[in-house]
Amino acid sequence: VWPINIVGFVYSIMSKNSLEQGNLDGAVRLGRVAKMLAMVSLVGGTVIIIACIVNLASECPKSDL
């Protein structure tokens, strides 16, 4: 799910910048948000792919073998 993934990528960059500036607490907080968004994106993408496969499989004609 690319919109969520892009937001997670932005948060990861913000986390890296916070760490480079010495703000460890902010980096950890932003890193957790980035990780959560990456997980949501991964799960959402997997659900969409499975739903598409199920939808396409239900529309295929059954062969009489």
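Q: Which residues of α2 are buried in this predicted model, and what covers them?
A: In this predicted model, the buried residues of helix α2 are Gly26, Ala27, Leu30, Ala34, Leu37, Ser41 and Gly45. What covers the buried residues of α2 includes α1.

Q: What makes Ser15 count as buried or exposed?
A: Ser15, which belongs to helix α1 (residues 2–20), has a relative accessible area of 13%. The cut-off for buried is under 20%, and Ser15 is therefore called buried. Leaving aside its neighbours within four places in sequence, Ser15 is in contact with Ala27, Leu30 and Gly31, and of these Ala27 and Leu30 are themselves among the buried residues of α2.

Q: Why is Ser18 classed as it is, and which residues is Ser18 in contact with?
A: Ser18 is likewise found in helix α1, and its relative accessibility is 12%; since buried means under 20%, Ser18 counts as buried. With neighbours within four places in sequence left aside, the contacts of Ser18 are Asn23, Gly26, Ala27 and Leu30.

Q: How do you know that Glu20 and Lys16 form a salt bridge?
A: The closest N and O atoms of Glu20 and Lys16 are 3.4 Å apart, and because a salt bridge requires a side-chain nitrogen of Lys or Arg within 4 Å of a carboxyl oxygen of Asp or Glu, the pair qualifies as a salt bridge. A search of the whole structure finds 1 salt bridge. The two residues are 4 residues apart in helix α1, so they are separated by about one helical turn. As for accessibility, Glu20 stands at 58%, and because the cut-off for exposed is over 50%, Glu20 counts as exposed.

Q: What makes Met14 partly exposed, and which patch does Met14 belong to?
A: Met14 lies in helix α1 and has a relative accessibility of 38%; because buried means under 20% and exposed over 50%, with partly exposed in between, Met14 counts as partly exposed. Together with Trp2, Ile6 and Val10, Met14 forms a nonpolar patch on the surface, and the accessible area of these residues together is about 430 Å².

Q: Why is Leu42 called exposed?
A: Leu42, whose place is in helix α2, has a relative accessibility of 56%, and since exposed means over 50%, Leu42 counts as exposed. The C-alpha atoms of Leu42 and Asn5 are separated by 8.4 Å, although these residues are 37 residues apart along the chain.

Q: Why is Arg32 called exposed?
A: Arg32 is another residue found in helix α2, and its relative accessible area of 61% is set against a cut-off of over 50%, so Arg32 is exposed. Arg32 and Ser12, which are 20 residues apart in sequence, are 8.9 Å apart in space, C-alpha to C-alpha.

Q: How do you know that the span of helix α2 is close to the expected one?
A: Helix α2 (residues 24–59) has 36 residues and reaches 52 Å from its first C-alpha to its last, and this is close to the 52 Å expected at 1.5 Å a residue.

Definitions and conventions: Residues numbered from 1 in each chain as written. Predicted model: local features only at pLDDT ≥ 70, side-chain atom pairs only at ≥ 80, totals over all residues. Heavy atoms only, no water. Buried < 20%, exposed > 50% of the residue type's maximum accessible area, 1.4 Å probe, protein only. Contact = heavy atoms within 4.5 Å. Patch = residues over 30% accessible without salt bridge, like charges linked within 9 Å, V, L, I, M, F, W, Y side chains within 5 Å. Areas by Shrake-Rupley, 256 points an atom, 1.4 Å probe, with all protein chains shown as cover. Expected span 1.5 Å × (residues − 1).
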